[in-house]
Amino acid sequence: MTSVGENLAPPAAPALGGRLAVFVASAGVLSVALPLLLVAEIDRDPRSTAWTATLALVVWAGFRLSYRIASGRPELFDFVFWVFCYIFMGVAPSVQILTGGVSTTTPGVDPSLDIWIAGTVWTGVVCYEIGRWITRRRRTAWASVRVDAATGLDVVPRRAVLLTGVGVVAAAYFVSKIGLGTLFMSRYSAADIRGAAMPDLAVRSIVSAAASYPLLIAACVFILVGTRSALGSRSWRYAPLLAIVLVVLLTVTNPISSARYDFGTVGFALVVAAGAMSTVRRARWSMVGVLLALLFVFPIADAFRADAVNVQRTGFFAEYAGNPDYDAFWQIGNAVAYVRDDLVQPMMQALGVVFFWVPRSIWPGKPLDTGVMLAQYRGYSFENLSAPLWAEALVNGGFVVVVIGFVALGMILALLDEKISVALVGRGQFWSVVGAVFPFYMVILLRGSLLQATGTLVVALACTLFVREWKREKRQRDRLDAPVVER
């Protein structure tokens, strides 16, 4: 028998032949068939030659996604990064450039900037790869990772019960501010009511996050403790509480009034916590499912955006032409122009992110959300725009910050993936919670703006750390549980 604390290697990797077959099939679709169809089906009236660079990113990101799917390792942060690059920085801008247009919410981007935008995106991608390579080179390879075989508790379920109470109270307060009926209105109507009830963006994001993320973290803990029998015969003792949590959570964060990214984060987390990534086969199919959902379901999931429900679509590639959901590429262009006009105040936007919690009534000069700032810089009437991580880096210090920031991003995500890829195959609950909740939230962080996303991120991180059982606590528990030896 294996003694508690003994180190074991993770499950054996799938056979090379199987991985190769999956890789070839996936790459054949993502990196060959889809780019060829894109070029063949689009009525081309290109605004610049930058589509060649964005289409090349489709090919490269397709290869990276295919490798991740074929491996079957749930390195979900890396997976989500490449999904974002594939769709938001590859497919969408390729269609838009080839059709001669931009997102309808970012008009007037100079076509001469297109190649600079593509170059900036590629710079971030290459630097991300370098950062990941640096970390991987210094860390142990997957096949020899040493894992603690003790699959006992590394979270404290009682704290998840407290989070449930906090979440229910916060949800009740949130509903009292906006009204229960608002939760089932169109997204635009609900956003207007929330904005009127809580004008300060930082306050609104924190209250909204407190109404959902304590419940989401608690739900993940209850599911993981139950499915992994972490408490033996008592593992499903929290099932009634889990049912209450799910009802409240899915009422507050529902697909009608909630942003698709928010509902997607909740859905992704619950599915992963339930074991979607616990085996190679499940991980492969789950990653394919997420990719297909973002390609085919995400575009039509905005049916409830306005009061008039719209489910009609003109075609797969036509969906991207002019679509304001895919303004990220062009906002990088506005950030490039912002840098060229010498308007950058080094790290000022980052300062606003760090002190996101300070109300504007106390700090009148607090930096605006970067998406709003760029919209005002360009004189746009619509200001609720994205500001992808590339744009955030540019407005904080130019191309140097892009290089440094994406190398750091690659290193950090590689370290996180090493933790969660082991935990998700059944070796612990804490890093499984991290692996369930935060990878899909990366879409929100990558798309930006950071100031909007930071309040929610901090609430989610605080809740996750709150339920963790730290080593000192575990040692104390082990001493209390140790049998008394009579002398």
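Predicted model: local features only at pLDDT ≥ 70, side-chain atom pairs only at ≥ 80, totals over all residues.

Biologist: What is the phi of D342, and is the residue buried or exposed?

Modeller: The general idea is that most residues other than glycine have a negative phi. D342 has a positive phi of about 60 degrees although it is not a glycine. As for the surface, over 50% relative accessible area counts as exposed. D342 has 66%, so it is exposed.

Biologist: Now peptide bonds. Where is there a cis one?

Modeller: As a general point, most peptide bonds are trans. Here the bond from G448 to S449 is cis, with omega near 5 degrees. S449 is in the loop between α17 (430-447) and α18 (450-467).

Biologist: On to helix packing. How do I read the angle between α2 and α3?

Modeller: Helix α2 (residues 51-71) and helix α3 (residues 76-98) pack at about 155 degrees, with their axes 8 Å apart. That is why α2 and α3 are roughly antiparallel to each other. The crossing of α2 past α3 is left-handed.

Biologist: What kinds of residues make up the contact of α2 with α3?

Modeller: The contact has 17 nonpolar residues, along with four polar and three charged ones.

Biologist: And how do α2 and α4 cross?

Modeller: Here the cut-off at the other end matters, since angles under 35 degrees count as roughly parallel. The axes of α2 and helix α4 (residues 114-138) cross at roughly 25 degrees and come within 10 Å. So α2 and α4 are roughly parallel to each other. The crossing of α2 and α4 is left-handed.

Biologist: Let's look inside α4. Is G124 buried or exposed?

Modeller: For this you need the other accessibility cut-off, because buried means under 20% relative accessible area. G124 belongs to helix α4. Its relative accessibility is 0%, so G124 counts as buried.

Biologist: How far is G124 from A393 in sequence and in space?

Modeller: In sequence, G124 and A393 are 269 residues apart, while their C-alpha atoms are 9.8 Å apart in space.

Biologist: What does the side chain of T370 contact, and where is this residue?

Modeller: T370 is part of helix α14 (residues 370-378). Its relative accessibility is 3%, so T370 counts as buried. The side chains of T370 and Q349 are joined by a polar contact of 2.9 Å.

Biologist: Last one, cysteines. How many disulfides does the structure hold?

Modeller: To count as a disulfide, a pair of cysteine sulfur atoms has to be within 2.5 Å. The structure holds zero disulfides. C220 is buried, with a relative accessible area of 0%.

Conventions:
Residues numbered from 1 in each chain as written. Heavy atoms only, no water. Axes fitted to C-alpha atoms, helices over the stretch in contact; angles between N-to-C directions. Helix = DSSP H or I, 4+ residues; strand = E, 2+ residues; numbered from the N terminus. Parallel < 35°, antiparallel > 145°, perpendicular 65-115°, else oblique. Left-handed = near helix turned anticlockwise from the far one by under 90°. Nonpolar A, V, L, I, M, F, W, Y, C, P; charged D, E, K, R; others polar. Buried < 20%, exposed > 50% of the residue type's maximum accessible area, 1.4 Å probe, protein only. Polar contact = N/O pair within 3.5 Å; in protein donor to acceptor, adjacent residues only side chain to side chain.
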